[in-house]
Amino acid sequence: MRRSVPWWALFSSVCAPILLVGGWAISAVLQGRDYDPASRTISTLAARGADGYWVMTSALVALGACHVITACGLRSAAPPGRVALAGGGVSAMLLVLFPAPSSGGSLDHGAVVAVGFSLLAVWPILAVRRGPGQRRAGERRPMGMLLARSTPWGLRPGPSFMATVLMWIGGVWFLLALFAHDTAGAAERVLTFAQSFWPLVVVVSCVRQTDRDEEQGGGAADVPRR
């Protein structure tokens, strides 16, 4: 049976959260004690002139590349979701061209960040595969339930919808932390880590589903027809 996800897509999905966390951790150390990760954003680490500029910038480029590679290999996902995931990766790489200023705000940087966040927030629900896992009109319910089990968990409507909702809630939390509280750094780290980790969840669920189908000898396809 052909693997639903190639090994290189699994590798890229594993690397994404590691590169993100490693990038901001090393950059924060290089920035020194004056940098408060709870209140100051990741963009500050990637601002021109920052001590950890090259580390954080390289991590963002690598993170974006990982998302693009994962999107290319995630064959089980619906095309709109794969496009959105790849678009989020491209947005991360574009931050090199639109870095945050050392002080104050930047409309260009903010726009790229907003587009990247939006694409990575909606891709879970856009990636839901509406095919064999959905019960069609006139189909017996037991068969529909069995076919639904053949859809990878990470591409089912329930988990995907919940992931998208939680990411948007995280976006609202970040805005509140940025303008009303002094915890923007903490909120951004939780949100960006969640967005970098969800592709790994989806890929692993696809791999596990493929293994499960192989163990069952093809899953729903082996069910005798009536």
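**Entry 1: Ser-12 and helix α1**

I looked up Ser-12 and found it in helix α1 of a predicted model, in which local features need pLDDT of at least 70, side-chain atom pairs count only at pLDDT 80 or more, and totals for chains, interfaces and linings use all residues. Residues are numbered from 1 along each chain as its sequence is written, and side-chain values use heavy atoms, with hydrogens and water left out. Helices (H or I, at least four residues) and strands (E, at least two) are DSSP runs, numbered from the N terminus.

Is Ser-12 buried or exposed? Ser-12 counts as buried, at 3% relative accessibility; the classes are buried under 20% relative accessible area, exposed over 50% and partly exposed in between, with a 1.4 Å probe and protein chains only. I then listed what Ser-12 touches, leaving out residues up to four places away in sequence: Cys-66, Ile-69 and Thr-70. A contact here means heavy atoms within 4.5 Å.

For α1 as a whole, I noted residues 7-31, 25 residues in number, with 36 Å from the first C-alpha to the last. That is close to the 36 Å expected at 1.5 Å a residue, where the expected span is 1.5 Å times one less than the number of residues. A kink of about 25° lies at Cys-15, shortly before the proline Pro-17; the bend at a residue is the angle between axes fitted to the seven residues ending there and the seven starting there. Among the buried residues of α1 I recorded Ser-12, Cys-15, Pro-17, Leu-20 and Trp-24.

How many disulfides does the structure hold? I found zero, a disulfide being a pair of cysteine sulfur atoms within 2.5 Å. The closest cysteine sulfur to that of Cys-15 is in Cys-66, and because the two are 5.2 Å apart, they are too far for a bond. Cys-15 is buried with a relative accessible area of 19%, and Cys-66 is buried with 8%.

**Entry 2: Ala-38**

I next turned to Ala-38, which lies in the loop between α1 and α2 (42-45). Ala-38 counts as partly exposed, at 34% relative accessibility. Which residues does Ala-38 contact, leaving aside neighbours within four places in sequence? I listed Asp-182, Thr-183, Ala-184, Gly-185 and Ala-186. Ala-38 and Asp-182 are 144 residues apart along the chain, yet their C-alpha atoms are separated by 7.8 Å.

**Entry 3: helix α5**

Helix α5 comprises residues 107-126, and its 20 residues should span 28 Å at 1.5 Å a residue; I found its end C-alpha atoms 28 Å apart, which agrees. The buried residues of α5 include His-109, Phe-117, Trp-123 and Pro-124.

**Entry 4: the chain and its confidence**

I counted eight helices and zero strands in the chain. Buried residues make up 45% of its 226 residues. Of the contacts with a separation of 6 or more, 74% join residues 24 or more positions apart. The accessible surface comes to about 12,000 Å², 67% of it belonging to carbon and sulfur atoms.

The mean pLDDT (the predictor's confidence in each residue, from 0 to 100) is 86, and 84% of residues reach 70 or more. Over residues 132-147 the pLDDT is below 50, and I noted 18 contacts for this stretch beyond near neighbours in sequence. Residues 218-226 are also below 50, with nine such contacts in the model.

How values were computed: Accessible areas come from the Shrake-Rupley method with a 1.4 Å probe; for residues, only the protein chains shown count as cover.
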